[in-house]
Every structure is written in structure tokens, then in C-alpha cells.
Amino acid sequence: MSAPLFSVEGLVKRFGERVLLDDARLELEAGSGYVLTGANGTGKTTLLRVIAGLEPAERGRLAFRAQACAVPEYPEAWRREIVYVHQQPYLFRTSIEKNLDYGLARRGMPRAERAARVREALAWAGLADRREVPPHKLSGGETQRAALARAKVLDPTLLLLDEPTANLDGDARRQVLELVTALCIEKHTVVVASHDPEITRLAILNRLYISDRRIEADD
Ligand SMILES: Nc1ncnc2c1ncn2[C@@H]1O[C@H](COP(=O)(O)OP(=O)(O)O)[C@@H](O)[C@H]1O
Ligand SMILES: [Mg+2]
């Protein structure tokens, strides 16, 4: 079997006295999709943030492709390829278009290529005619779709989605579900923390859950 794309070994994460993860391990295969469940407060968000290098942990080893590191170390280069989408995404108060362009510009991509990529991602998210709208004028569903488009435009190797449908219902939820499903069947490796039955029952997703401070996988 080939080496996993991303792995976690011996991970210990606590907040003060509260131990969230104890000697936890996880392997993510390239191109696979995963849904992460577990009761509220078990550490799903925290785990995704540790994988994305946004939250330090006490002990453990992370490996991405051929490179390994011991926490709390986190290689800068991984941040370009591992993208986390917050449950309640924060968008800069400019326009949706500029929010999508920002990460590409930081990567030094030429303007014309950026414009084409941004246009494509906006169309994908059904936001083409909303591109100049300032984020505070967006609905919750549009904000989540813009955040998904902002992550997709970066073409991440590993995409981490935190409860993307949690605050949505009706059409807004259905539209976001469609995008999440599309991301899961694309080439990306995706981990979605979610209790949404429409996501947890997607047959293409492998099941992960946090239980007793460990990460369990259903084979
Ligand atoms: N920055 C923090 N400082 C202290 N406690 C935190 C912090 N972030 C999360 N926690 C606590 O860690 C636990 C797990 O949180 P979280 O990872 O958000 O769980 P989940 O996403 O599974 O609901 C919760 O009890 C939460 O209150
Ligand atoms: Mg959470």
C-alpha cells in the first residue's frame, strides 16, 4: 500500500485540564473523502485546526507527503496546500471577487490567470452575478458558498470543511450540499466535520469519528 497523504501519530491535545485527544492517530489517503463525526465538544474543530496548522498541540507527529514534523512545529509550505474552511467563515469587507483573488495574489499568480480562476470559481459557486457584492450584504448560504469558492480557487491538496451546512436550511443548505458533494468527488482529499445526514450518508465518504479521545475509522 502507498503511504498516506497525511498522517497523525501519537497526537495529544488539551485545553488546560481538558484532554481532547490522547495518543490519537489518523491516516488520510490521497484523493479520498472523509466525514468526521463525534458529539459536540469532542474536538472535531480542534483536530481540523491542528491538521491545518492553526492550533498547536502538546505532543505528536504529523506527516504530509514525505515530510514529517513533531508538533508544535508546522512547516510553512504545508499551509499553501492544506486549507481549512471555518464553520462561520470570515470574509474581508471588500467584495467576494477580491476575497477569492487575495490568496492567489499572495501566491504571486499573474493577474490574467487569477482573473480566469476567480471567474471560474465564482461560476462554480453560483455567485457570478454577486461578485462585486460586499460580504456583509450576503446571506448565510452565500457566505458559505463564497468561502467554499475561496478555498477551491486555491486548488488545495487537502481541504478541511468544518460543518459547512450547520447554520443553513432550505435552498441555502441544498446549494451548499451540492458544492460540498462536488468537492468530495473531485480530486481533492477532503475531510468534512459534519452531522448533516445528507453528508454523513454520502457513500463516497469514509467515516471517521472521535470517541474516547481517539480518532476511530470505519473500514
Ligand atoms: N481556544 C480554546 N480554549 C479553550 N478551550 C477550547 C478552545 N477551543 C475549543 N475549546 C474546547 O475544546 C472542546 C472541543 O472543542 P471543538 O474542537 O470545537 O469541538 P467540536 O468541534 O467537536 O464541537 C470544547 O469543550 C471547547 O470548549
Ligand atoms: Mg466544531
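## Close-up views of a predicted model

**View 1. Helix H4 from end to end.** Helix H4 covers residues 111-124, 14 residues in total, and its first and last C-alpha atoms lie 20 Å apart, close to the 20 Å expected at 1.5 Å a residue. As you look around, keep in mind that this is a predicted model. Just after H4 comes Gly126, which takes a positive phi of about 70°.

View 2. Which residues of H4 are buried? They are Arg114, Val118, Ala121 and Leu122. These residues cover an arc of only 100° around the axis, so they sit on the same side of H4. The buried residues of H4 pack against helix H3 (96-106) and helix H5 (140-152). Turn to the other side of H4 and you will find Ala112, Arg119 and Glu120, which are exposed.

**View 3. Glu163, a buried charge without a salt bridge.** Find Glu163 in the loop that runs between strand S7 (158-162) and helix H6 (170-185). Glu163 is buried but has no salt bridge. Apart from neighbours within four places in sequence, Glu163 is in contact with Lys44, Gln87, Ala193 and His195.

**View 4. Arg65 and Glu81, a pair between two loops.** Side chains of opposite charge can pair when their charged atoms come close. Here Arg65 and Glu81 form a salt bridge, at 3.0 Å from N to O. Arg65 is in the loop between strands S4 (59-64) and S5 (67-70), while Glu81 is in the loop between helix H2 (76-79) and strand S6 (82-85), so the pair ties together parts that are 16 residues apart in sequence. Arg65 is partly exposed, at 47% relative accessibility, and Glu81 is also partly exposed, with a relative accessible area of 22%.

View 5. How many salt bridges does the count come to? The count is 13. One of them joins Arg49 to Glu55, with the closest N and O atoms 3.6 Å apart. Arg49 is partly exposed, at 23%, whereas Glu55 is buried, at 17%. In helix H6, Asp171 and Arg174 lie three residues apart, about one turn of the helix, and their salt bridge brings the closest N and O atoms to 2.3 Å. Finally, look for the network of salt bridges that links Arg173, Asp196, Glu198 and Arg201.

Terms used:
Residues numbered from 1 in each chain as written. Chains lettered and ligands numbered in written order. Predicted model: local features only at pLDDT ≥ 70, side-chain atom pairs only at ≥ 80, totals over all residues. Heavy atoms only, no water. Helix = DSSP H or I, 4+ residues; strand = E, 2+ residues; numbered from the N terminus. Buried < 20%, exposed > 50% of the residue type's maximum accessible area, 1.4 Å probe, protein only. Lys, Arg positive; Asp, Glu negative; His and termini not counted. Salt bridge = Lys/Arg side-chain N within 4 Å of Asp/Glu carboxyl O. Contact = heavy atoms within 4.5 Å. Expected span 1.5 Å × (residues − 1). Arc of directions from axis to C-beta.
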